[in-house]
Each structure stands twice: as C-alpha cells, then as structure tokens.
Amino acid sequence: MTTNECVLSVALALPLIWLAAYGLMLALRLRVKESIPVYGLKILTGILMPLYGFLVINGQEINLTLKNWMYIPGEYEFPLEYFFNPAMGIVALAMLLLVMVLVKYSESYLHKEIGFHRFFFLFSVFLYAFPLVVFADNIDVLFIGWELIGITSVLLINFYEHRPHTAQNAWWAISFYRACDIGLLAATALAHYAVHTTNIQLLNNPAQLMLEHPGHAGWLGVTAFCLFFASLAKAAQLPFTSWIARAMEGPTPSSALYYGALSIGLGPVLLLKFQGLLLHFWWLRALIIAVGALTCMYAFLVAKTRSDAKSILAFSAVLEVSMMVIEVGLGFYKLVLFHFVANAFLRVFQFLRSMNAIHDFYDNPLFYKGAPHRPPPLFFKLLPRATQRRLYYLAMNGFGLDWFWLNIVARPWMAFFTWINKLENRWALGERKRPGDWQ
C-alpha cells in the first residue's frame, strides 16, 4: 500500500473510530460531559484537514480497494472501493471546515439541551458518512453513506420531540427519501445484473460496457435513469420539493449543514459522479436540464412569497442546487464543484445569521415607517395583472404539491392497502363475504 493510500485509509477510518468510541460511551450510559463531543469533533476535524490537504496538494488520483464485504466463491465479489481525486478532496475539506464552524456554534446554541449528545452523535455520523458518498467508487459503498445521511437528516428534523409537528414533518422527509432511494437500490441491482459491476469509473464508460455486454446494453439507460431519480429527493427537485420547508423544524445548525449546504447538494454530487453514464443518453441529459430549470423557476417564485427567514433560505438553496443540476446536464464538472462549495459557505453563513438578522430587522427604525420592498422582476411585471395575481396565489400555496402528494398519492395508496389488509384478515379468519363488505 502506497503512502497516499495509507493516508486516505486513515482519513476514512478515523471518523468511524471516533463514532464507535463516542457511541459506546453513550450506550454504557456514562456521564459524558458536553465538552467531550465538542473537543472530540474539533480534534478530529483538526487531524483530518491536514490529511486531506496533503492528498489535495499531492494532486494524484488514488484508487483504494479494501477487502470484499461479500464474496460468492467462483461467482461474484462485492469489494469496498474508493476513488480520490483532488477536486473531490476540496469538497471534503470544505465539509470539514463547515463542520468545525457548526460545532463551535452548536456548543453554545445547544448548551444544556436534553438532546445535546444525540445532536453531536448524529453530527459524528454525518462526518463519517459524507466522505463515503464523495469518495465511493462503487454504488454499494455510496449507498451506505447515502442512507446514513438520510437517516441522520430525518432524526435531526425530529430533534425537538416535544413539538407536535416535528414527527409529521420528519415523516414527510423520510417518505420522499425512501421513494427516491428505490432508484438507487434498483440501479445497484441492475448494474450487478446487466454489466456485473457497480464500479463508478467503469459505469462512466458506457460505450465499452455495451460492447462487452451487448445483450444487456439497454439496461444501462434504465440504470442511468434510476440514478437520476435517486438524486431528486435529497436535492429537493420537482416533484419532491415541498418537504424542504418542513425540514426547517430542526435546530439551526443542522438546517444550515443539511438543507442549506451539504446534504441538499449531494443530489448534484451524485449526478456528477455518474456524469459519463448519464450524459451518454441525450434524452436523459434533456430531462436533467428540464427538471433543473423547472425546479429553479418553482423555487424562485415560492421563495418570493415566504415571510420567514429559514423558508426563504431553504428555497433559495433549492434554486442554487437546481442551477447545479442544470450545469451537470450541460457537462460542466469543475464549475459544479465550485458552485457547490461556494453555495455551502454562503448558506451556512446565512442560516447562522438568520436569527440575528430578524432581530436587526425589527430594530430597524425604517421597519415601522414602511421599509421599501424590492420591485418584482421584469418578466413578472410584463405579465397581465390577472396572471400576476394567479401566479402569486399558486406560489403562496406551493403550486399544490402538498395537495398532490396527500390526495393523489398517499391517501389512495393507504386506502388500497387498508382494503387489502381487510381482505387478508377476512380470508385468514374464514369469514364469508357479505353484500357490501368488499366495496
């Protein structure tokens, strides 16, 4: 193993070691002081930053393959594969710097909160999971990090358990996550079946794979679509956008990290990792650009109608992520990464500043005298007055996305399976059918 591979292995293992140690202390119900996770995460990020910095300055790409996590003798193997390049290393450095800032902020923000250690444990899980997504070189490893980030996201939305709506809003998020995670699972299964590999570098060379597996060439397009579908929920792209405002129930630091900066940006990162495969199909490239453009317009209009700071920032983040999706569809790689890092720093600053900004706004003497509002955009003023009012009304109601998911998807789905459950119970109990029972 080379020096670079050793450094990358240590950088990937250290968060897991810290997570195991901290989790064991909590599981044994030891009296863990608040300073332990704070200083632990500060030391950990302080160690990881020079390691990733060394790899970035070195400028070499690293292919790291560890032992198989599953092996079928003579048939198939499932290795743990990682791929490091300097561009993704910069993304990891940005993540570490943001985590360090948010740990310092949370130290006083959550002081003596009941869920203090729960919050920092979930933050530790995120610190371990994010590099798995960024540096994964096969879908199997990527899926582990992807799911861990989704789970911590939902648990942090429900952080304030005493509030009546937090559990409901967390269910909205996990429902959308699970719906789109089906795409990632399907892509994994199809890649194993069609081309016998989930290695990302190999999948990004679809022309070669089609030559090697001509009988299953058509499945590559389905695999690419499943990967695109998997990115929609975390990136809050249409039609999975309405949950982002509900996710603001969590603490401000988690809202900043997840829905302003990093987690919401993992959708474009996923597309970027499979850019070679996705852009091979012209229809999928057009679909990526179209979804990004529609979501961009949707987030812009909805953000203009919101009055609370966190919702405005959430939809503003969705707008930026939609622009990243468009950039992926246009074939830009480094621009997407630069946009991702720049947006992450900006949104974290805005989220952490939002509460003070509200106080500053109310302390502003101009507020009570009628502070001037920004004029509407030019294209909006060119529309007829009736169209402006209708558009504003639709934006106020989120263009009916919540109504669509509740009444067109969720309730018929639940009604169908309730009927199936009754049918199964009557069959199991051997009851005879009576008139009107089965309707």
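The legends below describe an overall view and several close-up views of one predicted model.

In this predicted model, local features need pLDDT of at least 70 and side-chain atom pairs count only at pLDDT 80 or more, while totals for chains, interfaces and linings use all residues. Residues are numbered from 1 along each chain as its sequence is written, and side-chain values use heavy atoms, with hydrogens and water left out.

View 1. Helices (H or I, at least four residues) and strands (E, at least two) are DSSP runs, numbered from the N terminus. Along the principal axes, the C-alpha atoms fill a box of roughly 70 × 65 × 55 Å. Of the 439 residues, 49% are buried; buried means under 20% relative accessible area, exposed over 50%, and partly exposed in between (1.4 Å probe, protein chains only).

**View 2. The aromatic pair of Phe84 and Phe135.** The structure holds 26 aromatic pairs. Phe84 and Phe135 form a tilted one, at 5.3 Å centre to centre and 40 degrees between the planes. Rings of Phe, Tyr and Trp (its six-membered ring) pair if their centres lie within 6.5 Å; planes under 30 degrees apart count as stacked, over 60 as edge-to-face and the rest as tilted. The pair links distant parts of the chain, with Phe84 in strand β2 (residues 76-84) and Phe135 in helix α4 (residues 116-135), 51 residues apart. Phe84 is buried at a relative accessible area of 0%, and Phe135 is buried at 0% relative accessibility.

**View 3. Phe126 and Phe130 in helix α4.** The ring centres of Phe126 and Phe130 are 5.6 Å apart and the planes stand at 35 degrees, so this pair is tilted. The two residues are four apart in the helix, and are therefore separated by about one helical turn. Both Phe126 and Phe130 are buried. An aromatic cluster is formed by Phe116, Phe119, Phe120, Phe123, Phe159 and Tyr160.

**View 4. Leu66 in strand β1 (residues 62-72).** Leu66 is partly exposed, at 34% relative accessibility. Leaving aside neighbours within four places in sequence, Leu66 is in contact (heavy atoms within 4.5 Å) with Pro79, Leu80 and Tyr82. The C-alpha atoms of Leu66 and Leu337, 271 residues apart along the chain, are separated by 27 Å.

**View 5. Helix α9 (residues 217-234) and the loop between α9 and α10 (243-246).** In helix α9, 13 of the 18 residues are buried, so the helix is largely enclosed by the rest of the structure. Just after α9, Ala236 has a positive phi of about 55 degrees. Ala236 lies in the loop between α9 and α10 and is buried, with a relative accessible area of 0%. Most residues other than glycine have a negative phi, and most peptide bonds are trans.

**View 6. Arg29 in the loop between α1 (3-27) and α2 (35-58).** Arg29 has a positive phi, near 60 degrees, in a residue other than glycine. Arg29 is exposed, with a relative accessible area of 76%.
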